[in-house]
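Here's a quick tour of one residue and the chain around it. Have a look at the model first, then read on.

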Amino acid sequence: MVSNFPTWNDEYCLGNEKIDLQHQRFFALTLEVFRLSNRHIYKTELKKVLMELFSYMKNHFDDEEEYMREIKYPYLDEHIIMHKNIVKSMKSLLYECCSTNELKNELYNIVSSWFFNHFSIHDMKIRDYVQNSSNQNLSKQNEMIKSEEIFEYTCDCIGVIHKVNYDLHMKINYLNISYKCSKCSKKLELKSNA
C-alpha cells in the first residue's frame, strides 16, 4: 500500500512557494500515517502524529484560503467548507475514538480522503486556475474551470444518469443546494463508483 503512494513532484505545485512547501510537508505526514497504519503502534505515538497533522493542517488551510482570496478563486467558499469538514473530522477523531486500532483506521480514512479527494482533485483545480490565468481573461478562465469536469448523479429513474458539471457539483456537495430530477422529482445523488 505504501509502495503505491505517490511521491511529491512538480506537477503538484500550485504556483505559490509557501503553499507548495506546505503540501510537500503534507505528503510526508500522509506517508507517515500510511506507514503507521501497517504496524503496531501505541496510542500515545499515534496521538502525537495526529496532533502534529491537525496543527499543521489548520495553519495550512488558513494560508491556502488567503492565497485563494488573493487570486480570486471562484470556488473559495466551497473550498473553505471542505477545509472545515476535514478539521471537524480530525477533531471528532481526537475526541471520539477509544481504541488504538479505531484511531489508526479512522486517521487512515481521513488522510486518504484528504489526499485522494481533496488534494488530488480540488487543490489541483487551484493549480489549473492559476496556470490558465496567465493565458486567459478572468471570465473566460472561470467558465473553463466550471465546465471542464463532469460528474454523474442518479435519481429514482431507472437507468438515468444526470451529467453535472464541476460548478453544479460543488454547489450540491458543499453549499447544500439540492437539485431534483425533472421526471421523478427526487433529489440527485452522486453516483457511487462501487
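## Where His 122 sits

His 122 lies in helix α4, which covers residues 100-133. Helices here are DSSP runs of H or I with at least four residues, strands are runs of E with at least two, and both are numbered from the N terminus. The model is a predicted one, where local features need pLDDT of at least 70 and side-chain atom pairs count only at pLDDT 80 or more, while totals for chains, interfaces and linings use all residues. Residues are numbered from 1 along each chain as its sequence is written, and side-chain values use heavy atoms, with hydrogens and water left out.

## Its surroundings

Is His 122 buried or exposed? His 122 is buried, at 6% relative accessible area (buried means under 20%, exposed over 50%, partly exposed in between, with a 1.4 Å probe and protein chains only).

Leaving aside residues up to four places away in sequence, His 122 touches Tyr 73, His 79, Met 82, Asn 117, Tyr 166, Met 170 and Tyr 174 (a contact means heavy atoms within 4.5 Å). Glu 78 is 44 residues away along the chain, and its C-alpha atom is 9.9 Å from that of His 122.

## The chain as a whole

Zooming out, the chain has six helices and three strands, running α-α-α-α-α-β-β-α-β along the sequence. Of its 194 residues, 40% count as buried. Among contacts with a separation of 6 or more, 63% come from residues 24 or more positions apart.
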